[in-house]
Structures are given as C-alpha cells and as structure tokens.
Amino acid sequence: MTTSNQSKTEKLAAIRAAIIDQQITPELAATATNLVMGDGNPDADIVFIGEAPGKNEDQQGLPFVGAAGKFLNEMLASVNLNRQDVYITNIVKYRPPNNRDPLPEEKKAFWPFLIRQLDVINPAIVITLGRHSMEYFLPGKKISDIHGQPKRIQFGERKLVIVPLFHPAAALYNGGLRQTLVDDFASLPRIVELTKQSE
Ligand code: URA
C-alpha cells in the first residue's frame, strides 16, 4: 500500500511504530507499561495536547483517563463535546517516573512525532493543556497572560489556531484556576465558530 492511500488510523499506527523502532527516550520506555499515543477521532477539528501520561494513563494506554481526564471529560460535556468529537494526546508519550515533569530533552525527542500526528489529523484548532505543550507552539509566552486567547500561527505549510489553556490537573485542587479553566472552556464554541468562518 502506498502512503497516500493509507487511512489516518494506519498512518497514526505507523507513527507509533516509528517511536518504538527508533527507541525514543529509552529510559522512559524502560519504566513505562504502555506507549500512550492518543485517543478520540482522527478526523477531529480540535486536538488537545497535554503533558505526559500519569499512572492511570500508563496502565490503560490512553491519555487523560485519571482524575484530570475525568475533569477534562466534564468540561468537554459542558460545551456539548465528548472524547469522540476531538482527539487527545500528550507531548511526551511515556509516563515519566513518579509523575515528574517531562525533561526538555524528552519533549524535544517527541516533538517531531507530535508534528506527524498533527499532519495526519490536520485539525483547525490545537488546544494546549498546560505550559509544557504551550511553550512549543507559543515560545516565550506566559500561560497566565494568554490563557483562553486564540492565537493564529503559521505551522509548516498550514495556519493553525492555538488555544492555550491551564492544565486540568493544576486546576483540580485550585478553586480559582478551576473557575478560570471552566470559563475558558465556555468560550471554545465561539472560537471554533470564528475559526471555521475564517477558513
Ligand atoms: N496529564 C497529562 O498531561 N496527560 C495525561 O494523559 C494525563 C494527565
């Protein structure tokens, strides 16, 4: 089969295979149970990008299935979306030991594979969850200054709208941040509508 008539699912599976073949972050791979690639609809207009899998994600092989994932699902439902309407992934695809922050070199190692995922899915909007995925799309920006604000960027050949949001895990136990995230989520339908109008 040629690359051009491979389905999106096959292309995403090939990216997964490349991460394993090329032994990306072998130290993380050695302690992880699963490589967590993504979940949801490969034809989605919206892709959410978190940080790295946690314990539950590592065990189940799916992103955002623990407490932060439950909160993410609730916020999706609040704007009439569910996980099958969007695609959800992380910048780093293996769980860092003891849920430590991913290292700069780990994010750098996985970045080309994230780009390949976006090339296949071809979303109009990328929603970054937390600063780890934001900093790659909007370098030098502070999440506290720009959360919830859509930013147009030129991304390779394409234009992309980035919406930086706080990470649901950070908002879970911080009432103020939680309300900010809920409010930012409430503005997503309008951002999606405006993005579609301007395409
Ligand atoms: N936090 C993340 O950033 N990603 C997950 O998949 C789970 C928790």
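## The pocket and its lining

By class, ten nonpolar, six polar and four charged residues make up the lining of the largest pocket. Here Ala, Val, Leu, Ile, Met, Phe, Trp, Tyr, Cys and Pro count as nonpolar, Asp, Glu, Lys and Arg as charged, and the others, Gly among them, as polar. The model is predicted: local features need pLDDT of at least 70 and side-chain atom pairs 80 or more, while totals for chains, interfaces and linings use all residues. Residues are numbered from 1 along each chain as its sequence is written, and side-chain values use heavy atoms, without hydrogens and water.

Of the 20 lining residues, Ala 52, Gly 54, Glu 57, Ala 68 and Ala 169 lie nearest the centre of the pocket. Two or more lining residues come from each of α3 (55–60), α4 (67–78) and α8 (168–172).

## The ligand inside

The ligand takes up the space of this largest pocket. Around the ligand you will find Gly 50, Glu 51, Ala 52, Pro 53, Glu 57, Pro 63, Phe 64, Asn 90 and His 167, each with a heavy atom within 4 Å of it. This shell holds four nonpolar, three polar and two charged residues.

## Polar contacts

Look next at the polar contacts (pairs of N or O atoms within 3.5 Å). A polar backbone atom of Ala 52 is 3.0 Å from a ligand nitrogen atom, and a polar backbone atom of Phe 64 is 2.9 Å from a ligand oxygen atom. His 167 brings a polar side-chain atom to 2.7 Å from an oxygen atom of the ligand.

Methods:
Polar contact = N/O pair within 3.5 Å; in protein donor to acceptor, adjacent residues only side chain to side chain. 1 Å grid on protein atoms, 1.4 Å probe; cavity = no way out; pocket = protein on both sides within 12 Å on 5 of 7 lines; lining within 4 Å. Sits in = over half its atoms within 2 Å of the grid points. Helix = DSSP H or I, 4+ residues; strand = E, 2+ residues; numbered from the N terminus.
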